Amino acid sequence: MFTCVIQTDDFDVGDAYQHLVSQAPKAGAVVFFVGRVRDYCDSATITGLSLEHYPGMTERTIQQILNKAERRFGIDAASVVHRVGVLEARDNIVFVGVASAHRGAAFDAAEFIMDFLKTSAPFWKKELLATGESVWVEARHQDNERASRWSMPSER
Amino acid sequence: MINIRFFGQLRERLTTESIELVCDVPISVGDIKNELFIKSDAFSVHLAQPNVLVAVNHEYATVDTLVNDGDEVAFFPPVTGG
């Protein structure tokens, strides 16, 4: 199963892992990544993040990334849980999990999914400041460079 | 009628979440932009930025993509999720 959920609520990493492995009982390798809100302790002016998305397109885009990962790496299952709304420092933002026969494909697929999620899934982050103002986060060219690695030999 | 939506910083700069455009179809995304540029200075400034992305019916599109009656077009800045 290749699933994507967008939610405002927090997620439990243990539950997300259990759900993933239940979809891939024969898998010998599971890799997961959790993205969190950085603790801005050196920048006390930032109190948290607000995440906006494009309902419908976000799920569709992530599902397409998961389907590409399945074809490219032959993985057994993958899941994405991504939060939206207001988040505080150290909150979970995203869970990406991959289950596969062997670890190589699982590691690669997890990076592949995360790289394309960051560069193509329609989410927008805003930093919330203690002053009550907010600042939109700019896209990083490093993220595009990471994603472009995958198009080198055999993007399918 | 075509439903046009805006997201992220672009939505804030335009102070508009969505508008409906009545026009002859099919119409290209590029021509939709031109129609919007005429509507207000805010559109001609912010929508014309080279980094603005576009989707038609939840799929990434280009200025050449053709749009039909009932379609949904979205304009938004580079994405920053994950």
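Me: In this predicted model, rings of Phe, Tyr and Trp pair if their centres lie within 6.5 Å. Which residues do ring pairs link into a cluster?
Reply: The cluster is held together by ring pairs and has members from chain A and chain B. From chain A come A:Tyr54 and A:Trp124. The members from chain B are B:Phe7, B:Tyr60 and B:Phe76.

Me: How many aromatic pairs does a search of the whole structure find, and which kind is the pair of A:Phe11 and A:Phe95?
Reply: Over all chains, the search finds 14 aromatic pairs. For A:Phe11 and A:Phe95, the ring centres are 6.3 Å apart and the planes stand at 70 degrees. Planes over 60 degrees apart count as edge-to-face, so this pair is edge-to-face.

Me: How many residues apart are A:Phe11 and A:Phe95, and are they buried or exposed?
Reply: A:Phe11 lies in the loop between β1 and α1 of chain A, whereas A:Phe95 belongs to strand β6, 84 residues apart. Buried means under 20% relative accessible area. A:Phe11 has 8% relative accessibility and therefore counts as buried. A:Phe95, at 0%, likewise counts as buried.

Me: Which kind of pair do A:Phe73 and A:Trp150 form?
Reply: A:Phe73 is in helix α2 and A:Trp150 in the segment after α4 of chain A, 77 residues apart. Both A:Phe73 and A:Trp150 are buried. Their ring centres lie 5.8 Å apart with planes at 85 degrees, so the pair is edge-to-face.

Me: Which strands stand at the edges of the open sheet of 4 strands in chain A?
Reply: The order of the strands is β5-β3-β7-β8, with antiparallel pairing. Two of them have a single partner strand each, so one side of each is left without a neighbour in the sheet. These edge strands are β5 (85-88) and β8 (134-136).

Me: What is the bridge partner of A:Leu128 in β8(A)?
Reply: Strand β7 (residues 123-129) of chain A pairs with β8(A) in the antiparallel sense over 3 bridges. In β8(A), the partner of A:Leu128 is A:Ser134.

Me: Which element gives the most to the largest nonpolar core?
Reply: This core has 37 residues, of which A:Ile62 and A:Ile113 touch the most other members. Elements that give two or more residues include β1, α2, β6 and α3 of chain A. With 8 residues, the element that gives the most is α3(A).

Me: Which residues is A:Ile62 in contact with, leaving aside its neighbours within four places in sequence?
Reply: Among the contacts of A:Ile62 are A:Cys4, A:Ile6 and A:Val80.

Note on methods. Residues are numbered from 1 along each chain as its sequence is written. Chains are lettered from A and ligands numbered from 1 in the order in which they are written. This is a predicted model: local features need pLDDT of at least 70, side-chain atom pairs count only at pLDDT 80 or more; totals for chains, interfaces and linings use all residues. Side-chain values use heavy atoms; hydrogens and water are left out. Rings of Phe, Tyr and Trp (its six-membered ring) pair if their centres lie within 6.5 Å; planes under 30 degrees apart count as stacked, over 60 as edge-to-face and the rest as tilted. Buried means under 20% relative accessible area, exposed over 50%, partly exposed in between (1.4 Å probe, protein chains only). Two strands pair if DSSP finds at least two bridges between them. A nonpolar core is a set of buried Ala, Val, Leu, Ile, Met, Phe, Trp, Tyr and Cys residues joined through side-chain atoms within 4.5 Å. Contact means heavy atoms within 4.5 Å.
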